[in-house]
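Please examine the sequence and the structure before reading on.

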Amino acid sequence: MLNMTAKISLRPEQLQSFLDSLDVAETLVYAVFSRLRDAYAPAEDSLFIRQAEGCQKLKLRPVALKGGIQLQAEFQFGPKTFHQQYPLASDAPPLAEGLRNFAEGTIFTSRADYQFHWTAAGLCQIAEKPPTKSRSSLSHNRQKAYLLSEGEAIPFLVELGVMDTNGRVSQKRYDKFRQINKYLEFAEDALRHFPKDKPLYIVDFGSGKAYLTFALYHYLIDRGYSQFQVTGLDLKDDVVAFCNDTARRLGYDRLHFEVGDIANFQIDEGSPASARRPDMIISLHACDIATDAALVKGLQWGCPVILAVPCCQHEFFHQLKAPAMDPIIRYGVTRDKQATLVTDASRALMLRAFGYAVEMVEFITMEHTPKNVLIRAYREGADRRELFINIKDSGYRAYREFLDLWGVGPTYLELELARAGLLKD
Ligand SMILES: C[S@@+](CC[C@H](N)C(=O)[O-])C[C@H]1O[C@@H](n2cnc3c(N)ncnc32)[C@H](O)[C@@H]1O
């Protein structure tokens, strides 16, 4: 170890013994390396260096994962980042090659902070300072979200062309990769409602090319859910055929796709999952009132979990009439945004009227799509057979009064709920 006031200069061949002296498995808290050096000297065939090429910043931290504590590297390329896990050891490539190839940085350990930079003479100058971070933050990492990482080929991502067989994410599909990871964070949270060893039936309405449906299946398998069934539904028969083929190639035998309209979807009495109603419905970016059709199904089945990311909406656009709101609704662009907000807020009110705890959270950032609100509704501990409300109930009145304020008449959601016997007078 360096003494507390030391500054030392090391030659490249001395760096590994310096790292060995840090006892990183026990002491590493965090490290950040910036700017690849001009004298960047990659070891031959280094996957790490291939990954780091063009990277502006590299951040390292130990994380508690299911296989034990690992070193998580976060590579930053402009606004994009990707993550990769390595064994937590002093010769792990991001530490050993990172120290050699980045111009400056700091390694924070529980014993000391080591600030380094490379001199023009090719020496690594290291200053040791009193520690500013402690290992206690590792317990927080245990709560960290599930993450698909690069570097290891994940079959469904390879099959869908997001990754190559070396586990490298295609630059063009990076947004999709990030969206999938973000989605799995929400899925993980929602799935906490269900025991892993009990039957679980999930329906994904408007599944489209089903990146997220396949991701969910991968997650369920990876997390040890043993008795689940997933159905994807979409209007497009060619897309459904593609998804069923893909599921077959992947050996995802508890996932199947059907052609159909959400509003007409019935639980197939002949299917193995029909013994019970769906436990969770998902509707991501299904168009206009298709989201409402999905909500009706979820309410009809008393699903404990409903996840919906609405897409375009048209139903309220022409109806909005609220003199006090004229500065917003007189222009097409702001009227459209307002109609979207009123639609989503009213959906949340209706779900609350049915006893759901509802949150609206950001699904993915605006750079992907402006339709980024996830309506997340959880119904806990309720009896699924008693699922209807009365128009005199305060929850429903709150819904109607809100829409009256905006000049919106009977909605598709109300009419369909009434037709299904879930909204009674
Ligand atoms: C934008 S894609 C979203 C796909 C996927 N859920 C996602 O988020 O990646 C919307 C899909 O919903 C399907 N869809 C729209 N309305 C539908 C309806 N009423 N019934 C079934 N599928 C519908 C469309 O065919 C399309 O494939």
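## The shell around the ligand

Which elements each supply at least two residues of the shell around the ligand? In this predicted model, they are the helices α8 (211–222) and α10 (290–300), together with the strand β10 (228–234).

The ligand has 19 residues around it, of which G206, G208, L284, H285 and A290 come nearest. Sorted by class, the shell consists of twelve nonpolar, four polar and three charged residues.

## The protein as a whole

The protein contains 14 helices and 17 strands. Its chain has 425 residues, and 36% of them count as buried.

Contacts may also be described by the separation of their partners along the sequence. Among contacts between residues at least 6 apart in sequence, 66% join residues that are at least 24 apart.

## Helices α7 and α8

Helix α8, which contributes to the shell around the ligand, also meets helix α7 (residues 174–191). The axes of these two helices come within 10 Å and cross at roughly 50 degrees. The crossing is right-handed.

On the α7 side, the contact is formed by K176, I180, Y183, L184 and A187, and on the α8 side by Y211, L212, A215, L216 and Y219. These residues comprise nine nonpolar, no polar and one charged.

## Helices α1 and α4

A second pair consists of helix α1 (residues 15–22) and helix α4 (residues 93–101), whose axes come within 10 Å and cross at roughly 130 degrees. This angle makes α1 oblique to α4. The crossing of α1 and α4 is right-handed.

By class, the contact has five nonpolar, one polar and one charged residues.

## The loop residue I391

I391 lies in the loop between β16 (389–390) and α13 (394–405). Is I391 buried, partly exposed or exposed? I391 counts as partly exposed because 13 C-beta neighbours lie inside 10 Å, whereas a buried residue would need 20 or more and an exposed one 12 or fewer.

Leaving aside residues up to four places away in sequence, I391 touches Y396, L423 and D425. I391 and L423 are 32 residues apart along the chain, yet their C-alpha atoms are separated by 6.6 Å.

Note on methods. Residues are numbered from 1 along each chain as its sequence is written. This is a predicted model: local features need pLDDT of at least 70, side-chain atom pairs count only at pLDDT 80 or more; totals for chains, interfaces and linings use all residues. Axes are lines fitted to C-alpha atoms, for helices over the stretch in contact, and angles run from 0 to 180 degrees between N-to-C directions. Helices (H or I, at least four residues) and strands (E, at least two) are DSSP runs, numbered from the N terminus. Angles under 35 degrees count as roughly parallel, over 145 as roughly antiparallel, 65 to 115 as roughly perpendicular and the rest as oblique. A crossing is left-handed if the near helix is turned anticlockwise from the far one by less than a right angle, and right-handed if clockwise. Ala, Val, Leu, Ile, Met, Phe, Trp, Tyr, Cys and Pro count as nonpolar, Asp, Glu, Lys and Arg as charged, and the others, Gly among them, as polar. Two residues are in contact if their C-beta atoms, placed from the backbone, lie within 7 Å. A residue is near a molecule or strand if its C-beta atom, placed from the backbone, lies within 6 Å of it.
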